Amino acid sequence: MTKEMAEAFKETNPIICIGGANLDRKFYAKFDITSETSNPVKSSTSVGGVARNIAENLGRLGEEVILLTARGNDAEWIGIYDSSSPFMNLEYVTLFKDSSTGTYTAVLDRNGHLSVALADMDIYEKITPELLISNIHILKRAKCIVADLNCPSETIDYLCSFTSQHQIPFVIIPVSSPKMNRLTKSLHGVSWLIVNKDETETFMNMNILDVQDWENAVKKWLELGVKNVIVTNGSKGVMAGVENGELSYFPAIETPKVVDVTGAGDSFCSGVIYSWLQNKEMDYIIKSGLINAHKTIMSKYTVRQELTQKQFILDMEELKNETIY
């Protein structure tokens with residue numbers, strides 16, 4: 001890197017994604033799944049991890065992205081590196097020689113829906129506040145920090161404090177219901193929380209059975225201090241709330257052919273973050289997430305390969321003109 005390039009890099013304000021970067025193995029059942037016996041499947045291997053998936057989506061959309069994560073010294077990381085490096089900066093990934101790179105194994109039923117998933121994610125316990133502090137110089141430059149709940153709870157607490165102190169937009173993306181206990185009880189300073197129905201039910205200790213429950217759940221999130229929240233509910237759509245208390249409902253885009261739902265949530269989050277950073281209106285921001293998720297569900301890839309800034313604009317035009325397929 002030349003001196004000029006180094007100086008230019010110092011002046012940039014990247015999006016920093018912190019959390020999981022896994023090797024994903026997917027098994028597609030050919031028939032109805034039967035427990036306690038062998039099931040015929042087709043299999044595939046790809047790269048994943050919530051933070052990594054969001055980083056790739058944003059990188060494909062033309063954003064400068066840095067991924068902060070932990071990795072092992074193994075073949076799994078080589079596969080992740082080769083697939084990810086064209087779309088994000090991986091210079092700040094930390095090697096732990098005695099640990100295994102994260103892996104995620106998903107079994108999908110014959111309709112493409114998740115049946116069971118197995119996650120080997122112990123390495124992410126090493127994404128500690130101390131690790132982040134060692135990279136404080138780049139964190140201070142971030143135009144936005146996105147963290148998933150693969151990170152330990154103390155790391156999420158640290159980021160809440162750090163981003164508030166430095167007035168850096170902060171987005172939290174949960175990973176699964178069991179990891180909701182990593183979320184701090186005070187979300188003041190959090191710019192966006194994008195969470196699904198199950199994760200909300202777990203954290204709030206409530207059942208979302210109807211629209212009123214759904215709205216109440218959004219209000220409860222806002223009461224914890226988050227500025228913007230989205231509670232997704234699969235094919236039923238999403239409910240969004242902002243800090244002034246205004247709620248908005250958006251139906252999901254009907255997807256006639258579900259190829260693979262893996263990565264749909266991450267692509268939704270990426271669309272939201274991308275348009276929000278461009279200062280778009282709330283309606284446009286939510287629809288950005290919906291269209292990116294819709295297109296991803298129809299792809300066999302966790303991050304759709306055709307995604308570019310230009311393609312995204314065309315997708316939004318399709319949605320506006322009601323010519324979406």
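## What "buried" means here

A residue counts as buried when its relative accessible area is under 20%, as exposed when that area is over 50%, and as partly exposed in between (1.4 Å probe, protein chains only). With a relative accessible area of 1%, Trp-192 is therefore buried.

Before going on, a word on the model. It is a predicted one, where local features need pLDDT of at least 70 and side-chain atom pairs count only at pLDDT 80 or more, while totals for chains, interfaces and linings use all residues. Numbering runs from 1 along each chain as its sequence is written, and side-chain values use heavy atoms, leaving out hydrogens and water.

## Trp-192 and Asn-228

Let's stay with Trp-192, which sits in strand β11 (residues 192-196). Helices (H or I, at least four residues) and strands (E, at least two) are DSSP runs, numbered from the N terminus. Which residues does Trp-192 touch, not counting residues up to four places away in sequence? They include Phe-170, Val-171, Ile-172, Val-226, Asn-228 and Trp-276; a contact means heavy atoms within 4.5 Å. Phe-170 is 22 residues from Trp-192 along the chain, yet their C-alpha atoms are separated by 6.7 Å.

Asn-228 belongs to strand β12 (residues 228-232). Its relative accessible area is 13%, so Asn-228 is buried too. A polar atom of the Asn-228 side chain lies 2.9 Å from the backbone oxygen of Ser-191. That is a polar contact: a pair of N or O atoms within 3.5 Å, where within protein one must be able to donate a hydrogen and the other to accept it, and residues adjacent in sequence count only if both atoms are side-chain atoms. Leaving aside neighbours within four places in sequence, the contacts of Asn-228 include Ser-191, Trp-192, Leu-193 and Met-282.

## Two nonpolar cores

A nonpolar core is a set of buried Ala, Val, Leu, Ile, Met, Phe, Trp, Tyr and Cys residues joined through side-chain atoms within 4.5 Å. The largest one has 45 residues, and Ile-16, Ile-18, Ile-145, Ile-172, Leu-183, Leu-193 and Trp-221 touch the most other members. Helix α8 (residues 211-223) gives the most to this core, with five residues. Apart from it lies another core, of 43 residues, and Ala-21, Leu-67, Trp-192 and Ile-273 are among them.

## Aromatic rings

A pair of aromatic rings is described by the distance of the centres and the angle of the planes. Rings of Phe, Tyr and Trp (its six-membered ring) pair if their centres lie within 6.5 Å; planes under 30 degrees apart count as stacked, over 60 as edge-to-face and the rest as tilted. By this rule there are six aromatic pairs. Tyr-158 and Phe-162 make a stacked one, at 6.0 Å centre to centre with 20° between the planes. These two both lie in helix α6 (residues 153-166), four residues apart, or about one turn of the helix.

Now for Trp-214 and Tyr-249: their ring centres are 5.7 Å apart and their planes are at 75°, so this pair is edge-to-face. Because Trp-214 is in helix α8 and Tyr-249 is in strand β14 (residues 247-250), the pair ties together parts that are 35 residues apart in sequence.

## A hairpin and a buried helix

Strand β14 runs antiparallel to β13 (residues 238-242), and four bridges join them; two strands pair if DSSP finds at least two bridges between them.

How many residues of helix α2 (residues 50-60) are buried? The count is 11 of the 11, so the helix is largely enclosed by the rest of the structure. Among those buried residues are Arg-52, Glu-56 and Arg-60. Just after α2, Gly-62 has a positive phi of about 95°.

## Positive phi without glycine

Glu-36 is not a glycine, but its phi is positive, about 60°. Glu-36 lies in the loop between β2 (22-29) and β3 (41-48) and is exposed, with a relative accessible area of 84%. Gln-167, in the loop between α6 and β10 (170-173), also has a positive phi, near 55°. Gln-167 is exposed as well, at 74% relative accessible area.
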